[in-house]
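Subject: Structure handover

Hello,

Here is the structure I promised you.

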Amino acid sequence: MITSERATFGSKFGAILATAGSAVGLGNIWRFPYMLGANGGAAFLLIYLICVVLLGLPVMISEFYIGKHTHRNAVGAFKEMAPGTKWSLIGYNGVIAAFLILGFYAVVSGWTIEYIIQAFSGTLHGKDAASFQADFEMFSSSTVRPIIWTIAFILLTHVIIISGVKDGIERASKVMMPALFFILIALCIRSVTLPGAEKGLEFFFNPDFSKITSSVVLSAMGQTFFSLSIGMGCLITYASYFNKTTNIQNTALQVTALDTLVSVLAGVMIFPAVFCFGITPTAGPELVFITLPNVFEQLPLGWLWSAVFFVLLALAALTSTISLHEVATAYTHEEFKISRTKAAWLVSAGVMVLGIVSSLSFGVLKDFTIGGLTFFSLLDYVTAKIMLPLGGMFICIYVGYRVDRKILKAELTNEGTLPFYFFNTYAFFMKYIAPIAIAMIFLNELGLINKIVNFFQ
Ligand code: PHE
């Protein structure tokens with residue numbers, strides 16, 4: 001609802017729900033299990049959890065601060081706080097990242113539509129694990145259908161974006177979050193009672209420390225940023241719609257806890273089934289799509305379970321695509337002073353082009369690779385592993401070194417009306433721990449730390 005004044009979320013609860021809606025999405029249910037499967041299992045989980053506390057929380061609080069303080073979009077916020085400086089590059093990095101993420105996220109979101117249709121039409125029924133896999137490959141590598149669903153999903157996001165913050169984003173989040181939660185728990189129960197479930201739980205919870213390599217650490221850090229929607233101005237944009245009384249600290253804690261819980265539940269739901277049905281945990285982006293239909297087959301009224309699940313997954317994806325779209329739309333609308341509808345169309349059109357190429361990179365463009373990555377994987381890699389952590393690092397540096405402590409504290413405590421017991425710890429993390437940790441993870445992945453160590457030996 002854009003009136004002459006800037007929109008706000010309708011209630012505190014609405015703000016939490018919408019932010020949680022952005023965080024919880026395919027990142028938790030699709031990306032987390034496949035990243036974990038490809039990166040050594042439980043060791044990845046451990047590093048992921050460390051990253052959430054060490055990097056995720058401080059960056060999230062800082063983004064909330066920037067957005068709530070300025071009431072501007074990701075770029076505008078920096079222009080207002082640090083006019084005439086290069087800090088607004090953080091915002092531009094975020095807007096570009098939002099575009100690129102949507103460019104592959106919309107494809108996977110589109111896959112959920114295909115599965116909803118298959119669930120209702122009964123075609124998921126009566127197959128074995130091998131044919132679920134073969135059929136997925138056939139579908140995802142085909143040309144027309146996945147592109148139609150990708151475009152449909154972008155249009156769906158578009159319609160909600162132009163109907164505004166309160167009516168669109170908030171209402172959608174309120175309904176689906178609790179529903180998703182219940183169905184996840186039910187599926188976890190089914191999964192852990194499958195024969196051979198222990199193997200999956202062991203893979204997920206029992207870390208093998210020898211599996212920790214620099215690329216596992218980089219992947220876990222990337223997953224943290226991706227899953228919490230941080231490092232790219234999404235939460236700056238959402239916090240710009242917070243009202244005065246929104247409690248930043250609580251919102252950050254609750255959203256982080258909820259997002260992490262959903263990822264862990266997704267792991268508990270997927271891995272026992274992966275081992276039970278003889279699927280390889282390193283299968284990649286198709287992992288969830290080939291594993292879950294097997295679980296549904298084990299349930300009475302399996303088609304109904306799969307229909308409900310994929311509808312909820314699509315909705316979880318939708319509340320995330322909305323938040324990504326909003327970053328780019330709010331920027332285009334406010335900085336170029338064109339109408340919100342026009343801005344949204346520009347964004348949707350650009351994303352469609354990216355989405356079509358990403359979708360084709362599972363089929364006809366499979367062999368078109370850059371640095372060994374298909375277009376789809378390239379978008380994922382560049383955003384999650386480079387742009388978001390880099391954005392997060394500079395957000396920490398900005399808030400840690402450029403923002404007056406008193407102003408920061410006043411905003412985070414709503415002008416002193418709320419306590420912030422760990423303020424100094426938070427400030428220390430912002431200034432030192434988070435930026436240094438992110439920089440080291442980058443250097444380590446580039447092999448530079450090894451080179452420096454060897455140099456001195
Ligand atoms: N966090 C979302 C998810 O887990 C994806 C996302 C990333 C959304 C970055 C907004 C910004 O699915």
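Glutamate 415 counts as exposed, because its relative accessibility is 64% and the cut-off for exposed is over 50%. Bear in mind that this is a predicted model. Glutamate 415 sits in the loop between H17 and H18. Its phi is positive, near 55 degrees, and the residue is not a glycine.

Two other residues of this loop deserve a look. Asparagine 414 lies between helix H17 (405-412) and helix H18 (423-445). Asparagine 414 also has a positive phi, near 45 degrees, in a residue other than glycine. Asparagine 414 is buried, because its relative accessible area is 12% and buried means under 20%.

Threonine 413 is in the loop between H17 and H18 too. Is threonine 413 buried or exposed? At 5% relative accessibility, threonine 413 counts as buried. Its side chain reaches the backbone nitrogen of glycine 416 at 3.0 Å. Leaving aside neighbours within four places in sequence, threonine 413 is in contact with Gln249, Leu418, Pro419 and Phe420. For a sense of scale, take the C-alpha atoms of threonine 413 and isoleucine 160: they are separated by 33 Å. Along the chain, these two are 253 residues apart.

Next, the ligand and the helix beside it.

There are 16 residues around the ligand. Which of them come nearest? They are Ala23, Gly27, Tyr105, Phe226 and Ser229. Several backbone atoms are also worth checking. A backbone N or O atom of phenylalanine 226 lies 2.8 Å from a nitrogen atom of the ligand. For serine 227, a backbone N or O atom is 3.1 Å from a ligand nitrogen. On leucine 26, a polar backbone atom is 3.2 Å from an oxygen atom of the ligand. Taken alone, the ligand exposes 330 Å². The protein buries 100% of that area.

Phenylalanine 226 and serine 227 are both among the buried residues of H10. Helix H10 covers residues 214-227. How many of its 14 residues are buried? The count is 12, so H10 is largely enclosed by the rest of the structure. Among the buried ones are Val216, Leu218, Met221, Gln223 and Phe225. H10 is followed by serine 229, whose phi is positive, near 60 degrees. Serine 229 is also one of the residues that come nearest the ligand.

Now the cysteines.

How many disulfides does the structure hold? The number is 0. Cysteine 234 is in no disulfide, and the nearest cysteine sulfur, that of cysteine 396, is 17 Å away. Cysteine 234 is buried, with a relative accessible area of 1%. A disulfide needs the two sulfur atoms within 2.5 Å. Cysteine 276 is partly exposed, with a relative accessible area of 24%.

Asparagine 294 is found in helix H13 (residues 287-297). It is buried, with a relative accessible area of 4%. Not counting residues up to four places away in sequence, asparagine 294 touches Asp128, Ala129, Phe132, Phe277 and Ile279.

Ala129 belongs to the range of helix H6 (residues 129-140), where glutamate 137 is found. Glutamate 137 is partly exposed, with a relative accessible area of 38%. Its C-alpha atom is separated by 27 Å from that of valine 192, 55 residues apart along the chain.

Histidine 333 has its place in helix H14 (residues 302-335). Its side chain reaches the backbone nitrogen of arginine 340 at 3.3 Å. Arginine 340 is also among the contacts of histidine 333 once neighbours within four places in sequence are left aside.

Best wishes

Conventions: Residues numbered from 1 in each chain as written. Predicted model: local features only at pLDDT ≥ 70, side-chain atom pairs only at ≥ 80, totals over all residues. Heavy atoms only, no water. Helix = DSSP H or I, 4+ residues; strand = E, 2+ residues; numbered from the N terminus. Buried < 20%, exposed > 50% of the residue type's maximum accessible area, 1.4 Å probe, protein only. Contact = heavy atoms within 4.5 Å. Expected span 1.5 Å × (residues − 1). Near = heavy atom within 4 Å. Polar contact = N/O pair within 3.5 Å; in protein donor to acceptor, adjacent residues only side chain to side chain. Areas by Shrake-Rupley, 256 points an atom, 1.4 Å probe, with all protein chains shown as cover.
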